[in-house]
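I am opening a notebook page on this protein and will write down what I look up in the structure.

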Amino acid sequence: INSSFSDITGLSFSVSSASAYYFEFFLAWNVSVTTNGVKFAVNGPASPTRVNYQIDISTGASGSLVRSAAAYDTCVAITAAASTAKWPAWMGGVLITGANAGTLIARAAPRVTSTNMVVSSGSVGVLYGPF
């Protein structure tokens with residue numbers, strides 16, 4: 001993965017137009033260089049009525065970075081990981097689609113281009129709705 005967001009394989013859901021959803025993604029990730037970090041986001045159908053989500057990224061055994069976003073592909077990055085071990089991240093939020101159906105998908109990227117970043121198998125997503 002380069003420093004631009006890439007879709008995370010297997011973590012996508014089809015969503016209908018004019019519908020409300022709640023989503024969660026539980027991610028296991030690691031980086032090849034501990035001084036560089038990671039960023040996560042979601043993407044979905046064009047022109048949503050609302051997209052709000054929160055991201056909690058582990059920074060090591062004793063902490064995490066929590067941020068909120070109100071747009072697709074909003075960059076939330078940590079500047080360092082505690083080690084190259086696998087760390088957890090969680091994203092959860094609400095999507096209200098507008099006139100467009102499409103795909104809601106989790107996305108990830110390393111903070112720095114020269115860093116390899118991996119979202120491991122066993123990462124999962126859950127979609128509730130439509131409501």
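**A buried valine**

I looked up valine 42 and found that it is buried, with a relative accessible area of 0%; buried here means under 20% relative accessible area, exposed over 50%, and partly exposed in between, with a 1.4 Å probe and protein chains only. The model is predicted, so I note that local features need pLDDT of at least 70 and side-chain atom pairs count only at pLDDT 80 or more, while totals for chains, interfaces and linings use all residues. Residues are numbered from 1 along each chain as its sequence is written, and side-chain values use heavy atoms, with hydrogens and water left out.

Valine 42 lies in strand β3; strands are DSSP runs of E with at least two residues, helices are runs of H or I with at least four, and both are numbered from the N terminus. Leaving aside neighbours within four places in sequence, I listed the contacts of valine 42 (heavy atoms within 4.5 Å), and they include Phe23, Phe25, Tyr53, Tyr72, Met91 and Leu104. I also noted threonine 74, which is 32 residues from valine 42 in sequence but 7.9 Å away in space, C-alpha to C-alpha.

**Strands and pairing**

I counted 10 strands and 0 helices in the protein. An open sheet of 4 strands runs in the order β1-β8-β3-β6, with antiparallel pairing; two strands pair if DSSP finds at least two bridges between them. Its edge strands are β1 (6-15) and β6 (76-77), each of which pairs on one side only. Strand β3 (residues 38-43) pairs with β6 over 2 bridges in the antiparallel sense, and there I found lysine 39 opposite alanine 77.

Next I followed strand β4 (residues 50-60) and strand β5 (residues 63-69), which are antiparallel over 7 bridges. These two strands form a hairpin with 2 residues between them, and isoleucine 57 in this pair stands opposite leucine 65 in β5.

**Asparagine 30**

Asparagine 30 lies in strand β2 (residues 20-31) and is buried, at 16% relative accessible area. Not counting residues up to four places away in sequence, asparagine 30 touches Thr84, Ala85, Lys86, Asn116, Met117, Val118 and Ser120.

**Backbone exceptions**

Most residues other than glycine have a negative phi, and most peptide bonds are trans. Which residues depart from this? Serine 47 has a positive phi of about 55° although it is not a glycine; its place is in the loop between β3 and β4, and it is exposed, with a relative accessible area of 55%. Aspartate 73, in the loop between β5 and β6, has a positive phi of about 50° and counts as partly exposed at 28%. The peptide bond from glycine 129 to proline 130 is cis, with omega near 10°, and proline 130 lies in the segment after β10 (124-128).

**The whole chain**

With 131 residues, a compact globule would have a radius of gyration near 14 Å, and the protein's 14 Å agrees; this radius is taken over C-alpha atoms, and the globule rule is 2.2 Å times the number of residues to the power 0.38. Along its principal axes the C-alpha trace spans about 45 × 25 × 25 Å. I recorded that 41% of the 131 residues count as buried, and that residues 24 or more positions apart account for 81% of the contacts with a separation of 6 or more.
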